[in-house]
Amino acid sequence: MRRIVVGITGGASGVIYGVRFLEMIRRYAKDSEVYLVMSNTAVEILRHEVGLDKESILKLANRVYNEDELGAPIASGSFKHDGMVIIPCSMKTLASIAHGITDNLITRAADVALKERRKLILVIRETPLNLIHIKNMELVTLAGAIVMPAAPPAFYNRPRTIDDMVNFIVGRVLDLLGIENDLYRRWSGYSEE
Ligand SMILES: Cc1cc2nc3c(=O)[nH]c(=O)nc-3n(C[C@H](O)[C@H](O)[C@H](O)COP(=O)(O)O)c2cc1C
């Protein structure tokens, strides 16, 4: 059984990525056990941006925690899992992880993933970037995380809809976790046009 820890933060204009990721785990990795934490800001943004309430998202996970539940199993290195994805990951959460500030369950679980040398994928969504963002990305990368910007998506697969663009990013995150998917058209060379 694959265990995946998912954090959804208030990287506004990006909560849709988190929702699609949870839906696609259900489609492509049914046997997975998903541990979900949504930040308080993400819950707020969910209503505005995606028009969904918290309950409909929580149904997509096996276990759900609030950001202040620091006693949850995922806060401990003794809890084994196959990877943590923060999607989207705000610049604030990135900064906390980069500097070891573990004041909520998302940043604590991420800190634990790094110390236990487990896979940590941060799907950031901000543009343009200032030097602080870039330095924080450097720090987490040196510590072992994978930084995956959600903006902009690639255009070689000629996206036509917002769904195509979201699926491209989510498909690439599933790839990083080793989960087979056909969410986007893969580059197969110029000759295959
Ligand atoms: C309208 C709006 C848009 C925002 N867009 C982004 C964004 O694209 N990327 C980002 O990193 N933060 C963005 N933020 C800021 C985060 O929501 C804010 O830093 C928040 O404290 C993040 O908290 P969290 O990481 O605990 O969810 C936005 C905030 C608002 C109100």
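**View 1. Side-chain polar contacts of Tyr184 in a predicted model.** The side chain of Tyr184 makes a polar contact with the side chain of Arg186, at 2.9 Å. A second polar contact, at 2.5 Å, joins the side chains of Tyr184 and Asp175. A polar contact is a pair of N or O atoms within 3.5 Å; within protein, one must be able to donate a hydrogen and the other to accept it, and residues adjacent in sequence count only if both atoms are side-chain atoms. This is a predicted model: local features need pLDDT of at least 70, side-chain atom pairs count only at pLDDT 80 or more, and totals for chains, interfaces and linings use all residues. Residues are numbered from 1 along each chain as its sequence is written, and side-chain values use heavy atoms, with hydrogens and water left out.

View 2. Tyr184 lies in the segment after helix H7 (162-176). Helices (H or I, at least four residues) and strands (E, at least two) are DSSP runs, numbered from the N terminus. Tyr184 is buried, at 10% relative accessible area (buried means under 20%, with a 1.4 Å probe and protein chains only). Leaving aside neighbours within four places in sequence, Tyr184 is in contact (heavy atoms within 4.5 Å) with Tyr156, Asn157, Asn167, Phe168, Gly171, Arg172 and Asp175. Met165 is 19 residues from Tyr184 in sequence, and the two are 8.8 Å apart in space, C-alpha to C-alpha.

**View 3. Polar atoms facing the ligand.** A polar side-chain atom of Ser39 lies 2.6 Å from an oxygen atom of the ligand. A polar backbone atom of Arg125 is 2.7 Å from a ligand nitrogen atom. An N or O atom in the side chain of Glu126 is 3.3 Å from a nitrogen atom of the ligand. The ligand taken alone exposes 650 Å², and the protein buries 63% of that (Shrake-Rupley method, 1.4 Å probe).

**View 4. The shell around the ligand.** There are 12 residues around the ligand; Gly10, Ser39, Ser90, Met91 and Thr93 come nearest (a residue is near if one of its heavy atoms lies within 4 Å). Helix H4 (residues 91-98) gives the most to this shell, with 3 residues. By class, the shell has 2 nonpolar, 7 polar and 3 charged residues. Here Ala, Val, Leu, Ile, Met, Phe, Trp, Tyr, Cys and Pro count as nonpolar, Asp, Glu, Lys and Arg as charged, and the others, Gly among them, as polar.

Conventions
Buried < 20%, exposed > 50% of the residue type's maximum accessible area, 1.4 Å probe, protein only.
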